[in-house]
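Hello,

Here is the structure you asked about. Please open it alongside this note, as my findings follow below.

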Amino acid sequence: TGSIAVLCSSCEHVEVPAFNDLKTMTQILMGTLPEPEITRSQVSKLPYATMRAKIARGPRGILALARYDSNDLHWISRDSALFVTRRGRVIRTGGLVENLLGTDVGDNDPVQTGLHRLTGPASFTRWIDTDFENRYQMKVMSKFELVRREQITILDRTYDTIYGRELNYVPDIGWKFTNHYWVDEKSGFVWKSRQ
């Protein structure tokens, strides 16, 4: 399971250490590789939007906004990994070991319509296509629950958010997983997620 860690207005390219010794390789495999710090002043110098992302146990990397297609944002990494997000939800990936080829969410996705507006648990169904065993139109049944108000800090700025969980179940393959969202308590903008 990958995770999109933080959305920010822009960040700086981060070099990933090479596999030149056993310690580095162990840190990468365990997910404990030290990550370079990114500062607000570095971000403000960049002329484009970026997102910081972490996939599974790998180090965090930077994705640059390559294309804006209506509500779909196409983010690409230096090594050509692709993430497409729609109002905070990852709907497609490319260049990974296993990819999400497409997502059909319809018009009532609580992530896209505003998690901050939920007054209680909410259910939602979407369909996904994956290159894992070439499975298409797999039904994903979700249940959303808002957990608590939480302040988060991104590059020295604090945001008042509502933390919510999306409990997911894919009956075709018996897969259960949880997505996490930190959304602006006023606008519903997804500042941070783990998907």
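Strands here are DSSP runs of E, at least two residues long and numbered from the N terminus. Two of them count as paired if DSSP finds at least two bridges between them. Please keep in mind that this is a predicted model.

Start with strand 5, residues 82-86. Four of its five residues are buried, so the rest of the structure largely encloses it.

Strand 5 has a partner in strand 4 (residues 72-77). The two run antiparallel and are joined by five bridges. Across this pair, D72 sits opposite R86.

The hairpin of strand 5 and strand 6 has two residues between the strands. R87 takes a positive phi there, near 50°.

Now the cores. Which residues make up the largest nonpolar core? There are 10: V105, V111, L115, A122, F124, F144, I162, Y181, V183 and V190. Strand 8 (122-130) and strand 11 (175-184) each give two or more residues to this core. Another core, of seven residues, lies apart from it; I152, I154, Y163 and W191 are among them.

Take a look at F144 in the largest core. Leaving out residues up to four places away in sequence, F144 touches core members including V111, L115, A122, F124 and Y181.

Best wishes

Note on methods:
Residues numbered from 1 in each chain as written. Predicted model: local features only at pLDDT ≥ 70, side-chain atom pairs only at ≥ 80, totals over all residues. Heavy atoms only, no water. Core = buried A, V, L, I, M, F, W, Y, C linked by side-chain atoms within 4.5 Å. Buried < 20%, exposed > 50% of the residue type's maximum accessible area, 1.4 Å probe, protein only. Contact = heavy atoms within 4.5 Å.
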